[in-house]
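Trainee: Pick one part of this model and go through it closely. I would like the cross-links of the chain and what surrounds them.

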Amino acid sequence: MSFRNMGFLRIHKWPALNKQFFLVLITGILVGWLIAHLSNSSSNRQSLLTDPHTSTDLEKMHGPTFDPGYHNDNEEFHNMEDPSIANKLRENVRILCWIMTGPKNHKKKARHVKNTWGRRCNILLFMSSVEDNSLPTIALPVKEGRDYLWLKTKEAFKHVYKYYLNSADWFLKADDDTYVIIENLRYMLLPHKTSEPIYFGCKFKPYVKQGYMSGGAGYALSREALKRFIEIGLNNATNCYKGFNGDEDVEMGKCMEAVNVTAGDSRDSLGRERFFPFVPEHHLIPGHVPKNFWFWKFVYYEHKEGMECCSDNAVSFHYVSPNQMYVLEYLIYHLRPYGINFNVELPDQLKEKYIGYEPPDTTT
């Protein structure tokens, strides 16, 4: 039998078969490439989510499925520690912490604040728009969403002013993805009187002449600052925006300046920052935050990168994932290099109260 006579290989049909074959082949290649590309993009996205830059990056980062519980502070290793000075600071620098959260984040984020650093506040409040007894939350008369953060902030501080003005000395606003080392905040605030019109945080420089504090890194108002904000700012000051929208931290900065509340310098004696708008890695690794990133145009003081970026008494970090809350909790409060002791003296401001000591007069 010749090839010409083989029915299934008739030469006059090959062009049509070739076109169909190549069409199927090209389609298969394109579909395969697209699937591989989407798979890689998903993998890369998940990789990026372990190092968040924004709240959106945190959306898919859920907390632990099972409750991690509490580390045993009564074990022998922790018995070598002396928390007496931290306890005295807790008595003398009373901090009310209110956490900006919302219904979708009650279980996803806010409860992990409650389980970790929030326990060290003198008073801990969760501000939402829906009541939730598991935290519990305070249901403010506001809508949810970024467009309503300024209104939510005003309503939260109104509630704090009405019910807690004399129950605390300082009033900290923090997000539900912010981690705060409360002992270091108390230590930083100790030299300042609560009657001083001042507030502290990570200072940014645009929009407000004296600067304003990053909302994500958290900021702490003195009692006098809170009084001026409510009694003057929200009622009479022309530069305190009466609307609901606008950037919460910028509007707060404008209002603080309008009522003569100082934007304080929260850096330590070596000029290192204490409040941070990102996770530690962003500040510790040189080049991690590109020089064209908005942060460099906003930061008020010269900001170092690398190990000298951050104070040994750092106060806060932002964009902390739920899982990372527990990692920081362990590293800060439980991991100890054996054989290294820290000699912490009672600050001069407390010596007079507890041991009858008066600081030397340096004015003459």
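**The disulfides and their surroundings**

Mentor: Cys309 counts as buried because its relative accessibility is 2%; buried means under 20% relative accessible area, exposed over 50%, and partly exposed in between, with a 1.4 Å probe and protein chains only. This is a predicted model, in which local features need pLDDT of at least 70 and side-chain atom pairs count only at pLDDT 80 or more, while totals for chains, interfaces and linings use all residues. Residues are numbered from 1 along each chain as its sequence is written, and side-chain values use heavy atoms, with hydrogens and water left out.

Stay with Cys309. Its sulfur is 2.1 Å from that of Cys310, and the two form a disulfide, the term for a pair of cysteine sulfur atoms within 2.5 Å. The torsion about this S-S bond is about -80°, so the Cys309 and Cys310 disulfide is left-handed. Cys310 is buried too, because its relative accessible area is 11%.

The structure holds three disulfides. Count the bonded cysteines in sequence order and the pairing reads 1-2, 3-4, 5-6.

Now take Cys97 and Cys121. Their sulfur atoms are 2.0 Å apart in a disulfide. The S-S torsion of Cys97 and Cys121 is about -95°, so this disulfide is left-handed. The pair ties together distant parts of the chain, 24 residues apart: Cys97 sits in strand S1 (residues 95–100), and Cys121 in the loop between helix H4 (106–115) and strand S2 (123–128). These elements are DSSP runs numbered from the N terminus: helices are H or I with at least four residues, strands E with at least two. Both Cys97 and Cys121 are buried.

S1 belongs to an open sheet of seven strands with mixed pairing, in the order S3-S2-S1-S4-S9-S6-S10. Strand S3 (137–139) and strand S10 (262–263) are the edges, each pairing on one side only. Two strands pair if DSSP finds at least two bridges between them. S1 and strand S4 (residues 170–175) run parallel, joined by six bridges. Cys97 has Leu172 in S4 as its bridge partner. Helix H5 (residues 149–164) packs on the sheet, touching S1, S2, S3, S4 and strand S9 (219–222), and its direction makes about 150° with that of S1. Axes are lines fitted to C-alpha atoms, for helices over the stretch in contact, with angles from 0 to 180 degrees between N-to-C directions. Contact itself means heavy atoms within 4.5 Å.

H5 has 16 residues and spans 21 Å from first to last C-alpha, close to the 22 Å expected at 1.5 Å a residue. That expected span is 1.5 Å times one less than the number of residues. Buried residues of H5 include Trp150, Lys152, Phe157 and His159. Another helix, H6 (residues 182–189), lies across S1, S4 and strand S6 (198–201), running at about 125° to S1.

Look next at the loop between S1 and H4, where Thr101 is found. Thr101 counts as buried because its relative accessibility is 4%. Neighbours within four places aside, Thr101 contacts a set of residues that includes Ala110, Phe126, Lys152 and Asp176.

Cys240 and Cys255 form the remaining link. Their sulfurs are 1.9 Å apart. The torsion about the S-S bond of Cys240 and Cys255 is about 95°, so this disulfide is right-handed. It joins distant parts of the chain, 15 residues apart, with Cys240 in the loop between helix H7 (223–233) and helix H8 (248–258), and Cys255 in H8. Cys240 is buried, with a relative accessible area of 1%. Cys255 is buried as well, at 0% relative accessibility.

Two packed helices are described by the angle between their axes and the distance between the axes. H7 and H8 pack at about 90°, with axes 10 Å apart. The two helices are therefore roughly perpendicular; angles under 35 degrees count as roughly parallel, over 145 as roughly antiparallel, 65 to 115 as roughly perpendicular and the rest as oblique. At this packing, Ala225, Phe229 and Gly233 in H7 meet Met252, Cys255 and Met256 in H8.

Finish with S6. S6 is covered on both faces: Ile198 and Phe200 on one side and Tyr199 and Gly201 on the other are all buried. S6 runs parallel to S10 through two bridges and antiparallel to S9 through three. Tyr199 has Ala263 in S10 as its bridge partner, while Gly201 stands opposite Tyr219 in S9.
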